[in-house]
Amino acid sequence: MKSILTFITLLITPISMYSQVKGSVTDINNEALAYVNVFIENTYTGTTTNESGNYELNISKYGKYTLVFQYLGYKTKKVVIEVEKFPFEQNIILEETQISLTEIVINAEDNPANLIIRNAIDNRNKNLETINAYTANFYSRGLIRIKDAPEKILGVEVGDLGGGLDSTRSGIIYLSETVSKLQFLRPDKLKETITASKVSGDDSGFSFNNASDVDYNFYNNTIELGNQIVSPIADFAFSYYNYKLEGTFYDAQQNLINKIKVIPKRAKDRVFSGYIYIVEDQWTIYATELSITGEQARIPAADILTISQNFTYSSNDKVWALISQNIDFKYGLFGIKGDGRFTAVYSDYNFNNNLSKKDFNRELVSFIENANKKDSAYWTMSRPVPLTSEEITDYVKKDSIQILKKSKPYLDSVDRAKNRFKPLSALTGYTYQNSEKNTRIGYNIPIGAVQFNTVQGYNAGMNFFYTKGYDEFRKYFSANASLNYGFSDDRLRATGSLTYKFNNISKAILSLSGGVTTEQFNSSVPISPLVNGVSSLFFESNFMKLYDKSFLQLSYSEEIANGFRLYGNMSYERRKALFNTSDQVFFDKNDKVYTSNNPLDPEAFGVAPFDTHNIVKLNVAAQFNFGQNYLSYPRTKVNLTNDKYPTLTIGYEQGLGATNSNYNFQQIKARLYQSFDISNKGRFSYNMRGGKLFNAENIAFMDFQHFNGNQTRLSTNGSYTDVFNNLEYYRLSTNNSYFESHIEHNFNGYLLNKIPLINKLGFSTVIGIHNLFTSDHKPYQEFSVGLDKIGWGKFRFLRVDYVRSYQGGYLNDVIIFGLNFFN
């Protein structure tokens with residue numbers, strides 16, 4: 001109780017002791033106005049009101065100040081104050097703006113909104129280039145609520161989400177704040193140093209809301225929101241939007257502001273709706289109130305997202321600068337629903353300074369030491385937007401709960417509840433955990449644990465595991481074992497592994513594994529056991545080909561430098577051929593029988609495709625993620641993909657010491673791949689792979705270079721740029737030189753959304769070209785065209801492709817069905 005009272009005192013006392021200028025903003029009906037911009041005239045020192053209409057402005061010196069209160073829909077108000085003591089209170093009442101619109105006839109040719117938007121588009125690049133560089137202070141607060149949370153999600157208990165849920169199972173599930181310093185250099189260099197970070201209920205946590213994640217610049221042609229969203233003032237905006245002038249008003253500097261309603265031409269396009277405010281003659285953005293649905297943004301969990309921005313002008317710098325931004329959203333998926341808001345305040349700008357490229361590197365975010373250890377007094381002094389009563393309550397509640405949850409009695413009580421062996425545990429799995437020691441031990445029986453193939457017949461498996469975490473799981477040790485029993489071949493096989501992760505910066509990982517297992521000849525696993533089982537039992541098509549492998553393998557990987565990671569493993573293997581032992585089917589077809597387990601000859605029943613042998617395998621690879629950016633957290637490095645640059649992998653593979661000397665070989669190989677958006681035209685992807693095997697004329701078939709094929713009419717690979725969807729699994733495998741390329745472009749609605757009626761479906765067109773060249777076969781090509789995002793509402797995961805293949809002429813065509821969660 002004492003600690004709770006102390007915390008409440010720290011939260012409340014500084015409001016009166018340390019706040020410099022504070023007050024409330026209401027309308028003429030005494031209703032609180034939330035998120036009003038409050039700043040000192042001709043400066044970028046400011047704040048916004050919170051949801052209760054309260055504000056705090058940190059001014060440290062006595063004197064005369066002109067405060068500006070700016071809020072869309074209300075008259076901007078200037079107030080001169082003389083600060084002679086602290087705290088200083090200044091309450092303000094704002095009056096609604098009278099928006100005027102001259103009586104004019106609007107038609108397609110003389111719509112005044114179109115003229116204003118054209119001027120804004122014509123000046124878009126000039127306004128982008130106005131700010132070449134800046135430094136600034138940044139404050140961000142993130143809040144996510146959940147409403148009526150279910151007790152379970154897909155059978156998994158939800159709990160109280162860290163104490164965030166009340167008796168109605170509603171409440172705040174995430175609340176955090178960030179204070180940081182920004183450096184920016186055109187066109188896209190943004191570096192953030194976080195000086196303070198606070199997460200409700202986690203005194204060792206770090207907030208994930210940072211400036212780069214909310215850097216939405218509507219002067220760019222598109223806005224990155226998972227997908228590229230077309231800006232209302234993009235060069236091609238008139239292909240996506242209609243506009244209406246709602247009215248005009250004057251701000252405090254007597255600038256004429258045009259309020260433009262932004263209206264999408266097509267509901268399914270990746271576009272915004274709402275309002276954009278344009279300054280007359282200067283054609284800059286004064287403010288935005290723009291919304292987009294989750295369906296439009298291709299974010300299934302989101303219902304709607306609104307970006308509100310406010311700019312202010314400094315006569316000293318002659319710059320319109322962003323001073324505040326609010327991102328409001330509602331979400332809902334699988335019975336879970338809620339809302340949230342991320343508030344950002346930019347202040348203390350220093351424009352067009354001496355920053356240069358040498359001031360930046362690939363580190364986008366870093367934290368100063370003890371950034372997450374700031375006390376309440378610091379936050380009261382630094383927080384530009386006061387906490388609401390709801391937020392204060394959440395901090396008090398969760399921080400007090402946190403003290404309890406770290407205690408050994410509490411951890412033991414939680415473990416006792418979770419460690420109970422339940423009736424279904426025998427069938428699904430069981431985990432015993434010790435939260436104080438960060439250990440977990442148990443077993444699980446995977447979904448689909450019982451499978452079928454013609455080599456083992458029905459087979460079932462289960463996994464055992466032990467993990468020990470260190471330094472909040474930045475380091476860990478794990479031990480795993482898997483058992484698999486084949487009922488038809490009457491064989492129990494077991495594998496196991498020991499793994500240690502040394503750190504969470506270079507992510508150095510050492511692993512020792514071994515055992516006996518069945519493995520596909522193509523180690524990339526081109527067909528899943530589940531799909532093969534269905535194909536075998538229902539359609540008498542046993543595509544999966546297996547061999548028996550006993551092995552012991554040592555593996556190591558580590559990021560040597562940013563974007564440069566090394567992989568290596570060495571193994572000793574015993575390989576042995578396997579044969580069909582089961583001919584069971586659900587629907588026996590008189591004109592069809594199972595093929596042999598020999599991938600070289602479907603009729604070679606009882607004939608081994610290779611001799612039983614032992615061999616040592618060596619694999620070394622280097623991966624270069626060019627242009628890789630990263631976030632630096634204490635003792636943690638988070639790597640970010642950079643669409644502007646490709647990823648290159650170079651590898652060397654060798655088989656040596658084989659008991660059959662013909663099976664020794666060497667291979668060099670390389671892979672280059674990338675995926676990136678082409679403005680509003682969709683997403684382009686490519687994947688190229690090539691290599692050559694040496695001294696490999698008579699090697700074992702599993703060491704050939706295999707290519708991912710597909711004979712099931714179902715796409716289960718996940719990536720469409722790593723598979724030939726109309727190629728037999730092993731027909732073009734080679735022990736010589738090879739090159740394959742996959743090119744795909746997903747238009748993301750760019751084509752179909754322009755066709756009346758069709759655009760209401762929300763489908764997307766995808767085209768692809770796939771090529772394979774080997775030294776011992778004619779070139780093979782596939783051409784595909786498909787429809788993506790087939791479904792309804794938020795659930796648009798189905799994809800259908802028409803694929804036509806050629807090899808020295810037309811071969812055949814096929815329809816492929818698949819699930820695609822990646823676009």
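Me: Is Asp339 buried or exposed?
Reply: This is a predicted model: local features need pLDDT of at least 70, side-chain atom pairs count only at pLDDT 80 or more, and totals for chains, interfaces and linings use all residues. Numbering starts from 1 along each chain as its sequence is written, and side-chain values use heavy atoms, leaving out hydrogens and water. Buried means under 20% relative accessible area, exposed over 50%, and partly exposed in between (1.4 Å probe, protein chains only). Asp339 has a relative accessible area of 14%, so it is buried.

Me: How many residues apart in sequence are the parts that Lys147 and Asp339 tie together?
Reply: The side chains of Lys147 and Asp339 meet in a salt bridge at 3.3 Å, N to O. Lys147 lies in strand β9 (residues 133-147) and Asp339 in strand β22 (residues 336-351), so the pair ties together parts separated in sequence by 192 residues. Strands (E, at least two residues) and helices (H or I, at least four) are DSSP runs, numbered from the N terminus.  The separation asked for is 192 residues.

Me: Which helix holds Glu295?
Reply: Glu295 forms a salt bridge with Lys268, their closest N and O atoms being 2.6 Å apart. The pair links distant parts of the chain, 27 residues apart: Lys268 is in the loop between β17 (256-264) and β18 (273-279), and Glu295 is in helix α4.

Me: What is the relative accessibility of Arg799?
Reply: Arg799 forms a salt bridge with Glu744, with the closest N and O atoms 2.8 Å apart. Glu744 lies in strand β40 and Arg799 in strand β43, so parts 55 residues apart in sequence are tied together. Glu744 is buried, with a relative accessible area of 8%. Arg799 also counts as buried, at 1%.

Me: Which strand supplies the largest share of the nonpolar patch?
Reply: Leu498, Phe502, Leu510, Leu512, Leu552, Leu554 and Tyr556 form this surface patch, with about 610 Å² of accessible area together (Shrake-Rupley method, 1.4 Å probe; for residues, only the protein chains shown count as cover). Patch residues have over 30% relative accessible area and no salt bridge; like charges are joined within 9 Å, nonpolar side chains (Val, Leu, Ile, Met, Phe, Trp, Tyr) within 5 Å. Tyr556, at 36% relative accessibility, counts as partly exposed. The largest share, 3 residues, comes from β31.

Me: Which residue in β29 is the bridge partner of Ala479?
Reply: Strands pair if DSSP finds at least two bridges between them. β28 (residues 475-486) and β29 (residues 491-501) run antiparallel, joined by 11 bridges. They form a hairpin with 4 residues between them, and Asp490 in the turn has a positive phi of about 50 degrees. In β29, Ala479 is partnered by Leu498.

Conventions:
A salt bridge is a side-chain nitrogen of Lys or Arg within 4 Å of a carboxyl oxygen of Asp or Glu.
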